[in-house]
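Reader: I'm new to this. Could you walk me through how to read a structure like this one?

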Amino acid sequence: MKPFELLEPHSLREAVAALEASDARPMSGGTAIMLMMKAGVLRPSRLVSLRKLQLAELEVASDGALRVGAMTTLRAIERSDVVRKGWPVIAKTLRTLSNVRVRNVATLGGHLAHGDPHMDLPPLLAALGATVTIAGAKGERTSSVEALYSGYLETTLKKGELITQVEIPALGKKRAAYLKCTTRSADDWPALGVAVVLDGDKPTIVVSAATDRPTRLASVEAAETLHIEGDLHGSAAYKKQLLRVFLKRAINEARNASH
């Protein structure tokens with residue numbers, strides 16, 4: 001691994017300034033970036049740790065939306081009574097997201113910013129209509145989770161920008177489900193992920209792992225024309241058949257979900 005400088009800023013402004021270096025990279029939980037550095041995929045000369053920033057709040061806003069700080073660990077979200085009661089689909093999804101050792105360290109912001117289409121929360125949060133607050137040298141902006149992704153391991157975050165908060169609308173009377181198919185253990189990377197949110201009989205469907213980014217389907221029928229990506233987790237033809245099966249299952253599970 002290439003030697004690197006480690007900075008631990010205490011404020012968001014300091015963190016953004018530290019990321020101005022040409023090959024600086026932010027680090028939240030470090031579960032993904034350290035593996036990529038060990039593999040030689042990334043070779044930054046500077047890592048900017050975000051662990052001392054005060055970005056780990058989890059609260060319900062006056063409009064009923066869930067607001068989660070970017071440095072909140074996945075395990076804290078999974079164990080939150082607020083999440084289990086108001087957004088049970090998120091808590092359920094987290095139980096098979098990697099393993100508990102990773103969830104104890106990995107953060108929500110890092111999970112979303114990584115850009116890997118095999119991640120479980122991006123398709124679910126996209127289907128739920130979640131948005132992120134992004135801070136950078138030019139101030140703050142807001143983006144939908146869906147608009148964060150532009151390709152495989154590619155996001156629309158600009159140089160020096162950081163996700164600071166995620167806001168998830170109240171479920172209300174909507175029903176939601178997320179299903180994934182893994183080729184090995186239940187907490188493995190998925191060959192396919194399908195998130196469904198039902199507003200009455202109208203479904204919002206977002207597919208991942210079989211595509212290069214979380215992809216919204218215009219309709220159930222559109223699944224047949226979706227461009228599928230084959231990889232180590234399964235061929236394109238295999239994933240196409242998985243989508244036919246798991247889309248129906250996800251819709252049925254959403255229909256049977258409690259409000």
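Predicted model: local features only at pLDDT ≥ 70, side-chain atom pairs only at ≥ 80, totals over all residues.

Reader: What counts as a pocket or a cavity, and how does anyone find one?

Author: Rolling a probe the size of a water molecule over the atoms shows where empty space is left. On a 1 Å grid over the protein atoms alone, a cavity is a set of points where a 1.4 Å probe fits but cannot get out; a pocket is an open set with protein on both sides within 12 Å along at least five of seven lines, and lining residues have an atom within 4 Å of a point.

Reader: What is the volume of the second largest pocket?

Author: About 200 Å³, where volume is the space filled by probe spheres set on the points, and grid points are joined across faces, edges and corners. Its lining splits into three nonpolar, three polar and seven charged residues (Ala, Val, Leu, Ile, Met, Phe, Trp, Tyr, Cys and Pro are nonpolar; Asp, Glu, Lys and Arg are charged; the others, Gly among them, are polar). Strand β7 (residues 139–144) gives the largest share of that lining, three residues. Domain 1 (5–48) and domain 2 (58–168) each supply at least three residues, with bounds from an automatic or database domain assignment.

Reader: And how many cavities of 30 Å³ or more are there?

Author: One. The largest cavity holds about 40 Å³ of space, and its lining is Val68, Ile77, Ile90, Leu108, Leu121, Leu125 and Ile168. By class, that makes seven nonpolar, no polar and no charged.

Reader: You mentioned a strand. How do I read strands and sheets?

Author: Strands (E, at least two residues) and helices (H or I, at least four) are DSSP runs, numbered from the N terminus. Two strands pair if DSSP finds at least two bridges between them. Here, five strands make an open sheet in the order β4-β5-β10-β6-β7, paired antiparallel. β4 (58–60) and β7 sit at the edges with a single partner strand each, so one side of each has no neighbour in the sheet.

Reader: Which residues face each other there?

Author: Ala135 stands opposite Glu140 in β7. Strand β6 (residues 131–136) and β7 pair over six bridges in the antiparallel sense, and a hairpin of two residues joins β6 to β7. Elsewhere, strand β5 (residues 66–69) and strand β10 (residues 162–168) share four antiparallel bridges, with Arg67 partnered by Glu167 in β10.

Reader: What about the sheet with parallel pairing?

Author: That open sheet has three strands, in the order β1-β3-β2. β1 (5–7) and β2 (24–27) are its edges, each with a single partner strand, so one side of each lacks a neighbour in the sheet. β2 and strand β3 (residues 46–49) pair over four parallel bridges, and Ala24 has Arg46 as its bridge partner in β3.

Reader: Which residue forms a salt bridge with Arg46?

Author: Glu5 does, with the closest N and O atoms 3.1 Å apart. The pair links distant parts of the chain, Glu5 in β1 and Arg46 in β3, 41 residues apart. A salt bridge means a side-chain nitrogen of Lys or Arg within 4 Å of a carboxyl oxygen of Asp or Glu, and by this rule the count is 15.

Technical notes:
Residues numbered from 1 in each chain as written. Heavy atoms only, no water.
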